[in-house]
Amino acid sequence: MSRSPDTGKSGPQEDTSGAPLAAAFASVAGWSFDLFDLFLLLYVAGPVGKQIFPTHSTTLSLAAVFASFAVSIVMRPAGAAFFGELADRKGRRAIMVTVLAGVGLATAAMGLVPTYAAIGVASPVIFLVLRVVEGLFIGGVTATTHTLGTESVAPRWRGLMSGLIGGGGAGLGGGLASVAFIVVNHFFPGPAFDDNGWRVMFFTGLLSTVLSLFVLIKVKESPLWEEQQEAAKQNPEAVDPKRVRFSDLMAGRYRKILLINIAVAAGAGAQYYLTSGFLPTLLGSVIKMPAGSRGEVLLIASAVVVISATAAGELSERIGRRKTMILIGGANLVLLPVFTWILGKTNPSDTGTILLYSCLLVFFANAAYAPVMIFLNERYPTVLRSRGTAVSWNTGFMLGGLLPTFVNLFSPTLADVPGRLVLFIIGSVIVFLIAVGVSPETRGHIDRKPLVSHLAATGADTSRLPLIREDGPAAAIASTEQQDQR
């Protein structure tokens, strides 16, 4: 048995067979389908609006298309709850195969939806139903990918893995969608894309199903989850995962933990959506930067996202999750408003200045969420980790993702947008800092959290449970419980 550098306790033997690498790759690739879904819809919004949601107004058709995206976002917390519970009970790997296959099939099915001209109102109804189904499965992807990845790699690499999945997955997803668009446009140019090319774009979602086959063949189950199952066989009454219910997330101390975790995720998500997520609109509609230059800036900024998130995740492994998030949040309270304000007032022809401040903006904004996933993983025991992490993340990012809409609503003119963005960014960072400030340090607390401690956290009576040796799994979480009680 190897020694865990974080806890000083015995940990699972390090796997040198390549299994952790396969799990890491699958987690990053699986996570990418969140952003792949977004960019895919951006590329086909025009033809889908004409074919599926036709109205007398082009803008109303586009609004209907983006409403279908909003429906998908809203369904993700439900998918996280449902598939997260299954992942905690049945295993990360098995559910990951299911949700990746589900995302691929649901996305591809959208390319088969008959047009409004062919079947009338049934066309948008079917499309919306498929968006709901896809949203549920993507919520399940969140519940399995990050948990499997961080539980499979050695403790030393968990922070970096957190940033790599979030930032690398986002970059990969956007890149895959862009490549798909370029290739499909080559074979279906001009009007052909509006007729059938958009359907082929949806068919590229089958890449997710191919990835599910890779997981089935190459990826091994999380060693921490397998340890939990083995412990359940030896002492079922004390550590049986079947005794853990979804409602336990909102019981005892976990109720407070869940609310704080959602606030952390919402603050981090808002920083992303108000900066990187809003950047195409800020450069295009507000600054009115030429399309060619704007595309180059956004492409370079996407690469910066990967570097930023990975570096921040690694920093959290060196100095701690809490300290990293407070450090980045403190910097963002000043830097993000300043960068946003400067961008909003820059001449659209000044490409160099726009590129510089765009890269700085996305660097610091994306650094904020990089340690959040591993932080959430470490706040929950193995028997509750998938659902706790996924529900916190998806709910928080759903709330954060609503803020750009309010920025637009509270901006009487385009010239008012930068000022409103600054105010919303400041508010979001303050929420993030407060939520992180009342949270404990979590680095090293991911290993071996048995049910007996989980039950104590929910306020249940544990006096009649069998005792667990002081050097066993319960000892590994004593420091976490002491910090939570402070």
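Author: Let's start with helix 15, where I354, S358, C359, L361, V362, A365, N366, A367, A368 and Y369 are buried (that is, under 20% relative accessible area, with exposed meaning over 50% and partly exposed in between, for a 1.4 Å probe and protein chains only). Before going on: this is a predicted model, where local features need pLDDT of at least 70, side-chain atom pairs count only at pLDDT 80 or more, and totals for chains, interfaces and linings use all residues. Residues are numbered from 1 along each chain as its sequence is written, and side-chain values use heavy atoms, with hydrogens and water left out.

Helix 15 covers residues 351-369; helices are DSSP runs of H or I with at least four residues, numbered from the N terminus. Its 19 residues should span 27 Å at 1.5 Å a residue, and the end C-alpha atoms are 28 Å apart, which agrees. The expected span is 1.5 Å times one less than the number of residues. L360 also sits in helix 15, but is partly exposed at 28% relative accessible area. Its C-alpha atom is 7.4 Å from that of F339, 21 residues away along the chain.

Now for helix 11, residues 253-273, which packs with helix 19, residues 417-437, at an angle of about 145°, the axes being 8 Å apart. Axes here are lines fitted to C-alpha atoms over the stretch in contact, and angles run from 0 to 180 degrees between N-to-C directions. On the helix 11 side, I260, A263, V264, G267, A268, A270 and Q271 meet S428, V429, V431, F432, A435 and V436 of helix 19, contact meaning heavy atoms within 4.5 Å. As for helix 11 itself, 15 of its 21 residues are buried, so it is largely enclosed by the rest of the structure.

Next, find R76 in helix 2, residues 58-90. R76 is buried, with a relative accessible area of 3%, and its side chain makes a polar contact with the side chain of D37 at 3.1 Å. A polar contact is a pair of N or O atoms within 3.5 Å; within protein, one must be able to donate a hydrogen and the other to accept it, and residues adjacent in sequence count only if both atoms are side-chain atoms.

Last stop: K288, in the loop between helix 12 (279-286) and helix 13 (291-319). K288 counts as exposed at 53% relative accessibility, and has a positive phi of about 60° although it is not a glycine.

Notes. Helix = DSSP H or I, 4+ residues; strand = E, 2+ residues; numbered from the N terminus.
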